[in-house]
Amino acid sequence: MTERLYGKLQRRKHAASKWSKAYEGDRPLLFASPEFSTQTGGLFDEFSDNWCAVVPDATVERLMPIGFRLEDGSIDKDAGRAWKRSEADVEIGLALLEALITGRSYALVWNNDDVEITFQHASSAIVEYVPGRRRLRKAGLMTWRDYDTEFATLFTPTMVYRWQRPTREGGRWTGRTAGLSRGEPSHIPNPLAVVPLVELPNRSRLHGKPRSEIATVLPLQDAVNTLWAHLMTASDGLALPARAVLGMDRPVREIVDPESGEVVGEEDLPLDRFRSDRLLWLEKQGAQIAEFSAADLENYLKVIEVAVQHIAAQTRTPPSYLAGQLVNVSPDGFAASEAGLIAKVSEMQRHFGSALREIMRLEAMAQGEARRAESLALGSVVWRDPQFRSDAQYSDALVKLKSIGVPDEALWERIPGVTPDEIARWKTMRTDAAGAILGGDMSSLFGVKPDQAEGGDQADEPEEAA
């Protein structure tokens, strides 16, 4: 099983490397004729007008999990603490970005004296499922390399097999000894009784592999790069007006024999001097100057603009991310331009949320809390609102919801960036404020009266007046 999964992982590495390089803008110049490539050589090897990074970046910044709910709808504080303790609140952004780029990433839940959640790249981990069961994991393999030794860990529901082998050709997998204490077995029982490696797939189909967000962008990206190469090549020789001298012989100079002083021939004068000095004497009768107009490069830009519009339409990326121009756009118009991206992100939240629930279910199982694990499996993930609105828009919406009786806690959850911990703190502050009112301590809410702060005798005046 280790050999089989390892071979499948090696075959996936090519595609993962392809999408990763595309995200970094590392693309060869395609769709150019052999003659063009021969003439330009490696001039455009380092050039890329990289739209492959904009599309996944625009999506992942809207995917931010901020908490986990149990089956009854309450926030699981233990899950939130375990999430932060593993720094998963930071690493999840990287894992989701890799899932958008390469099509998938992985999370490992394991208990090494304390439960830890780590995320793995698609080129170093793989999960195999039970045939006909899309969610039931049969095995998982994680690999890494340290100098001249390659390591692999195979997870099954019953056992964990830890292997190592030399990286040279013909090396065989043997039980792991490096990094283990003396007498520690290389293969151990799986305490979770389930494969602890969870896949985070992006937009997988019922019959097909998870899909990279760059798959649609890459052909248009290659076309845009080629168009830019043609444009810059044309601008190098045709962007400036060209002048020609008509009716005049090419400037020459005589070649004189230094010994005899006789003219033995003539040679053409180099034109570089005339170009630098911007001077030319027209001595021949009827000589005149003609001019070729500069080439119009706008047609290249129009085709590039259409290609970028196609990228925006096919990936549902707002024009503001690609064109970078917003002039006098109303809030409603801006929201309409982002509707496609919001719908796409909302769909991704459902798919990624299923994997995140499974991760936290494994975390609860590793803690030995079977009841909480079951409740998390039937709960939900709290995501930050994927739509960016102004503070005025949020405030207006919350006031209107408050007017129809929506509880404060539900309104606080709709404020972007507010975590469950902050909501719990606000609830405590509200309870303290209510207790102060019931206790008669109004000054703690509204401040001390000026006459009391000065310590004067004005507090007795109402008595005397009475």
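This is a conversation about how some features of a predicted model get their names.

Student: Let's begin with aromatic rings. Why is the pair of Phe-68 and Trp-83 called edge-to-face?

Tutor: Their planes make an angle of 70 degrees. Planes over 60 degrees apart count as edge-to-face, so the name applies. The ring centres are 5.1 Å apart, and the limit for a pair is 6.5 Å. It is one of 7 aromatic pairs in the structure.

Student: What makes this pair a tie between separate parts of the sequence?

Tutor: Phe-68 belongs to strand E1 (residues 65-69) and Trp-83 to helix H4 (residues 77-85), so the pair joins parts 15 residues apart in sequence. Ring pairs also bring in Phe-119, giving a cluster of Phe-68, Trp-83 and Phe-119.

Student: Are Phe-68 and Trp-83 buried or exposed?

Tutor: Buried means under 20% relative accessible area. Phe-68 has 3%, so it counts as buried. Trp-83 has 5%, so it is buried too.

Student: And why is the pair of Tyr-161 and Trp-163 called stacked?

Tutor: The planes of Tyr-161 and Trp-163 are at 15 degrees, and under 30 counts as stacked. Their centres lie 6.4 Å apart, which is within the 6.5 Å limit. Tyr-161 has 26% relative accessibility, so it is partly exposed.

Student: How do you know that Lys-18 has its charge over the ring of Trp-19?

Tutor: Lys-18 lies over the face of Trp-19, at 4.7 Å from the ring centre, and the distance cut-off is 6 Å. Arg-165 likewise lies over the face of Tyr-6, at 4.7 Å from the ring centre.

Student: On to charged pairs. What makes Asp-421 and Lys-84 a salt bridge?

Tutor: Their side chains meet at 2.7 Å, N to O. The cut-off is 4 Å, so the pair qualifies. Asp-421 is in helix H15 (residues 420-438) and Lys-84 in helix H4, 337 residues apart. A search of the whole structure finds 25 salt bridges.

Student: What makes the buried residues of helix H12 (residues 370-377) one side of the helix?

Tutor: The buried residues are Arg-372, Ala-373, Ser-375 and Leu-376. They cover an arc of only 165 degrees around the axis, which puts them on the same side of H12. The exposed residues Ala-370 and Arg-371 are on the face turned away from that buried side.

Student: One last topic, backbone angles. What makes the phi of Asp-113 worth a comment?

Tutor: Most residues other than glycine have a negative phi. Asp-113 is not a glycine, yet its phi is positive, near 65 degrees. Asp-113 sits in the loop between strand E2 (104-111) and strand E3 (115-120). With a relative accessible area of 85%, against a cut-off of 50%, Asp-113 is exposed.

Student: Where does Ala-193 lie?

Tutor: Ala-193 lies in the loop between strand E9 (187-189) and strand E10 (197-201). Its phi is positive as well, about 60 degrees. At 55% relative accessible area, Ala-193 is exposed.

Key:
Residues are numbered from 1 along each chain as its sequence is written. This is a predicted model: local features need pLDDT of at least 70, side-chain atom pairs count only at pLDDT 80 or more; totals for chains, interfaces and linings use all residues. Side-chain values use heavy atoms; hydrogens and water are left out. Rings of Phe, Tyr and Trp (its six-membered ring) pair if their centres lie within 6.5 Å; planes under 30 degrees apart count as stacked, over 60 as edge-to-face and the rest as tilted. Helices (H or I, at least four residues) and strands (E, at least two) are DSSP runs, numbered from the N terminus. Buried means under 20% relative accessible area, exposed over 50%, partly exposed in between (1.4 Å probe, protein chains only). A charge sits over a ring if NZ of Lys or CZ of Arg is within 6 Å of the ring centre and within 35 degrees of the ring normal. The arc is that of the directions from the helix axis to the C-beta atoms.
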